[in-house]
Amino acid sequence: MTNARFVPENELPLDIAPGAAVEAAYAAELARVEEALLARLPALVECDKELVPYFYAALRGRLKKRELRCAYLDGRPPADAPPEAIPTGVIGTMISQLRDAVRGPVGERVVVLPHLDLLVSSSGGGLTSEAREVIPLLYENPQVLWLGFKDPSFSVPKVIHDLFPHHEHILGVDRERLRHLVTQREARKLGRGFDPYELYKYVSGVNAVRLRRLLGALGGVDYPDDPRPAFAQLRRATLSSSFEMPDVDLDADVGGYDKVKTRLKNEILDILAAKSRLADEAAIKRIEALVPRGMIFWGPPGTGKTLFAKAMATALKAAIIVVSGPELKSKWVGESEENIRQVFLKARQSAPAIIVFDELDSIAAARGMYTGSGVEHSMVNQLLTEMDGFRKEELVFVVGTTNFVDSIDRALLRPGRFEFHLHIPYPDPADRRAILGIHDRKLGLALSERASDYAVKRTGDLVEGAAGRYSGDHIQALCRQIARTRLRAARPTAEPTEVADVEEALSAYLERPDLTKAEERVVATHEAGHAVCALFCEHAPAIDRISIRGDLAGALGFVQYADPAHRYVTTRAQLLDSICCLMGGREAEALLLDDLSIGSGHDLERATVIARALVEDLGMGGERTGVRRFARDITTSDATLHDVEKAAHAILEEQRTRAAKILTEQQALLATLRDLLLEKKVLDRAAFVDLLPESKRQKTHG
């Protein structure tokens with residue numbers, strides 16, 4: 001093997017006992033605790049329970065050489081103690097031993113509390129009865145030199161932490177020490193040439209004692225051509241019960257969103273893949289320092305933010321957990337922060353792992369925008385503390401999802417924290433087609449080409465009965481509805497799904513307004529007026545669909561326009577055409593019905609907003625107001641306000657007159673389009689294009 005990362009088999013130990021593994025893995029930690037105790041500083045070691053006896057044994061051997069004795073209070077009574085003198089239970093025995101150690105002769109010795117967490121752990125925000133008894137004993141004799149152990153899964157009160165000037169936190173093993181913890185026999189199960197970097201991805205959060213146990217249990221043949229089953233065995237053994245191993249392929253299971261996928265690959269996945277191919281340790285460390293650990297996936301609800309996180313986890317062979325911000329909050333002081341700490345602990349023990357904080361803004365809203373209980377700031381601080389505690393080589397990532405990235409506290413978004421921002425918008429037509437294709441394949445819908453085209457077009461609308469646009473979740477729900485309908489009807493697998501099936505799935509269970517014939521006539525006239533004006537306004541966008549079915553929240557009918565060809569530049573001509581089209585509904589009612597409904601109220605509001613913007617903000621109000629921007633405040637004179645309002649009114653009246661002229665000239669088309677709407681209820685481009693003059697037919701195609 002030429003790769004410098006590989007360790008020759010003959011350089012690995014033949015065998016290694018748990019005690020020797022602890023010495024090899026935690027030599028630096030043992031030395032620091034030893035130094036603290038020799039300096040008469042009580043020390044608290046936070047590590048897994050199974051590691052405690054081995055770590056203590058290694059430390060005791062070091063202290064013994066320094067002629068410092070230890071008293072180990074583990075709750076086991078002396079062999080010669082009469083039964084009646086033994087307190088009930090292990091906890092009772094430990095408290096009795098603690099009392100004797102504090103009140104008896106201290107001497108030059110270390111009093112070891114291997115189960116300190118069990119004695120003083122918090123419960124429901126308060127102290128247990130045992131803790132109330134133990135805490136005073138711990139502070140009773142300042143001459144006692146304490147060595148305490150606590151498991152990371154337990155919390156202890158601050159008053160106990162303050163007793164220990166020296167803290168040592170042990171989680172997993174250091175990557176550079178891993179080569180000393182694998183025997184030659186075990187390395188052979190992982191393929192030819194032992195690569196500690198590859199192994200470390202799956203065991204970075206496993207303590208040395210457990211690691212020895214897991215490696216010793218590895219099955220399979222020596223030097224397998226495919227070592228993945230051996231790594232999969234380790235992966236299963238290190239996975240926390242609260243984490244899952246997703247199976248979401250970024251390309252095969254996530255439809256569309258090519259730009260989003262490309263950025264995720266370029267910035268994260270490809271870099272990590274390149275790291276796995278490197279041989280130079282310095283180059284590897286440089287890459288590890290570049291990869292962002294905190295990420296914000298933001299966009300509207302239902303667009304697949306969590307799905308992208310699962311696809312990322314699948315690509316990295318990482319475990320994932322999705323936690324909701326509100327679920328982490330607790331009424332007990334300090335418990336919300338402890339909940340966050342536990343999530344990170346389990347993630348590091350299950351690495352590679354991704355933590356997804358859903359609704360991150362619920363606990364990390366920008367200061368000044370949120371009126372919560374105040375615990376949110378403590379939770380954010382704990383979140384940042386945990387992220388700062390990652391080792392660079394650990395594959396643990398934090399993804400925060402939110403609908404509005406601007407609502408996140410800016411302190412979290414700066415480099416080094418949540419520095420990678422991935423926008424996942426509503427799907428565009430190409431995305432919707434790809435999403436439909438995936439669900440078509442998975443659910444066996446047999447969508448015809450015409451049905452697929454229709455579904456793509458219809459899901460470009462606002463969601464019927466709601467105010468939002470169609471997201472990936474909505475499209476999935478549509479496909480599931482089609483599948484259920486096909487199942488109920490026992491349709492053959494090969495029978496295609498047609499346009500009518502799509503429309504039925506979209507509208508079968510919607511509650512729509514039950515209009516009278518007279519009401520339908522008013523609505524059809526109104527919408528036909530909008531449409532005809534749009535067809536004869538050069539700068540208005542093309543029409544996609546006209547409906548009087550009441551399938552848009554808050555509206556009895558609507559005209560849907562195609563996406564404009566130019567999305568980022570808006571001209572005065574376009575704004576004037578918009579006002580003209582808005583006036584079209586009102587003027588059509590006046591022309592054909594000789595009456596007016598209140599349905600044009602919202603149109604007039606929107607038209608007035610545009611007219612005022614032309615005058616006040618854009619300097620397009622004409623000679624009377626000039627090219628300037630107006631501010632409506634106490635310094636604005638009545639005369640100026642009068643001029644502004646007069647200029648805006650002139651624009652509105654000009655476009656109203658223009659709309660009336662168009663409709664009068666095209667009255668026959670207006671009446672025909674109205675009657676067709678009354679018959680069909682919904683018209684797409686193809687349904688009315690033949691009614692138009694040849695010169696206007698191209699307009700319906702954008």
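## Local geometry notes

Glu359 is partly exposed, with a relative accessible area of 39%. Keep in mind that we're looking at a predicted model here. The residue sits in the loop between β10 and α17 (375-388), and its phi is near 55°, which is a positive value in a residue other than glycine.

You'll find Tyr257 in the loop between α11 (228-238) and α12 (258-277). Is Tyr257 buried or exposed? At 5% relative accessibility it counts as buried, since the cut-off for that class is under 20%.

One more backbone spot is worth a look. Going from Ala351 to Pro352, the peptide bond is cis, with omega near 0°. Pro352 belongs to the loop between α16 (335-349) and β10 (353-358).

Here are the accessibility values for the residues discussed one by one in this report.

| Residue | Relative accessible area | Class |
|---|---|---|
| Leu12 | 4% | buried |
| Tyr257 | 5% | buried |
| Tyr56 | 7% | buried |
| Tyr72 | 26% | partly exposed |
| Glu359 | 39% | partly exposed |

Now for the rings. How many aromatic pairs does a search of the whole structure find? It turns up five. One of them joins Tyr56 and Tyr72: the ring centres are 4.4 Å apart and the planes meet at 20°, so this pair is stacked. The angle falls under the 30 degrees that the stacked label asks for. Tyr56 comes from helix α3 (residues 52-65) and Tyr72 from strand β2 (residues 69-72), so the pair ties together parts that are 16 residues apart in sequence.

The C-alpha atoms of Leu12 and Arg185 are separated by 9.2 Å, though the two residues are 173 apart along the chain. What does Leu12 touch, leaving out residues up to four places away in sequence? The list is Val7, Arg179, Val182, Thr183, Gln184, Ala187 and Phe194.

On to the helices. Helix α24 (residues 572-592) and helix α25 (residues 601-617) pack at an angle of about 155°, and their axes are 9 Å apart. Anything over 145 degrees counts as roughly antiparallel, and that is therefore how α24 and α25 run relative to each other. The crossing of α24 past α25 is left-handed. On the α24 side the contact is made by Arg572, Leu575, Leu576, Ser578, Ile579, Leu582, Met583 and Arg586. Sorted by class, this contact has 10 nonpolar residues, four charged and one polar.

What do they pack against?

Methods:
Residues numbered from 1 in each chain as written. Predicted model: local features only at pLDDT ≥ 70, side-chain atom pairs only at ≥ 80, totals over all residues. Heavy atoms only, no water. Axes fitted to C-alpha atoms, helices over the stretch in contact; angles between N-to-C directions. Helix = DSSP H or I, 4+ residues; strand = E, 2+ residues; numbered from the N terminus. Parallel < 35°, antiparallel > 145°, perpendicular 65-115°, else oblique. Left-handed = near helix turned anticlockwise from the far one by under 90°. Contact = heavy atoms within 4.5 Å. Nonpolar A, V, L, I, M, F, W, Y, C, P; charged D, E, K, R; others polar. Phe/Tyr/Trp six-rings, centres within 6.5 Å; stacked < 30°, edge-to-face > 60°. Buried < 20%, exposed > 50% of the residue type's maximum accessible area, 1.4 Å probe, protein only.
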